[in-house]
Amino acid sequence: MKEVCVVYHSGYGHTARQAAAVAEGVRRVADVNCTEIPVGELEHMESGHWAELDSADAIIFGCPTYMGAVSMDFKRFMEATSGRWMEMKWHDKLAAGFTNSGSQNGDKQNTLQSLVSLASQHGMVWISLNLMPGNNSTTGSVDDVNRLGSYLGAMAQSNVDAGPDVAPPEADLETARLLGQRVAECTHRWTA
Ligand SMILES: Cc1cc2nc3c(=O)[nH]c(=O)nc-3n(C[C@H](O)[C@H](O)[C@H](O)COP(=O)(O)O)c2cc1C
């Protein structure tokens, strides 16, 4: 059985929906278990979730984009991983990432790049989204997967006056599921 952890922060529930969709995608693949871990549950270093991260085949990182960057709570988690970095405990683990924000753009790319950098500092192997961009032609629509045209990871956009019951939209949730599915499929190819 392969193990995938989805570590995420969500201030108001929108990115939590995206994280749940990523986990659904992981569970589409046979013989892959998925654990969803809100970063708040990692604040105490004795939390059992750290051991789950250490033994996972892949870790998928996700957070909202706040002020053009990773949210503060997620950044706290990033810095808390430095002890793992000292021992290169996560080297050769698979990694991927996602982010959600209010604007179509909103500087989400900067957040994904920070997640790539986090994974790279740990010697992890980054898995891209691998979906052609949607919504970029006369026959495309906002209902396309990858409607925001990302490559590094999954992006979602939640209207700022919409609750997490309706945002992000289904196209972004399916994009998130496809990322989770891809990471799960990669665990079967990457680890013995
Ligand atoms: C402090 C703060 C900063 C934000 N900065 C951005 C931003 O830089 N770009 C953007 O598009 N949206 C920004 N937003 C909007 C959030 O990204 C958006 O509401 C998102 O859906 C929140 O996700 P959450 O419910 O998981 O916290 C910001 C929201 C907050 C509270």
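Guide: Strands β5 and β7 (residues 154-157) pair in the parallel sense over four bridges, and the bridge partner of N100 in β7 is A156. Helices (H or I, at least four residues) and strands (E, at least two) are DSSP runs, numbered from the N terminus, and two strands pair if DSSP finds at least two bridges between them. The model is predicted: local features need pLDDT of at least 70, side-chain atom pairs count only at pLDDT 80 or more, and totals for chains, interfaces and linings use all residues. Residues are numbered from 1 along each chain as its sequence is written, and side-chain values use heavy atoms, with hydrogens and water left out.

Strand β5 also pairs with strand β3 (residues 58-66), in the parallel sense and over seven bridges; here F98 of β5 is the bridge partner of G62. With strand β6 (residues 125-126), β5 pairs in the parallel sense over two bridges, and L94 stands opposite V125 of β6.

As to burial, eight of the eight residues of β5 (residues 94-101) are buried, so the strand is largely enclosed by the rest of the structure. Buried means under 20% relative accessible area, exposed over 50%, and partly exposed in between (1.4 Å probe, protein chains only). L94, A96, F98 and N100 point one way from β5, while A95, G97, T99 and S101 point the other way; all of these residues are buried.
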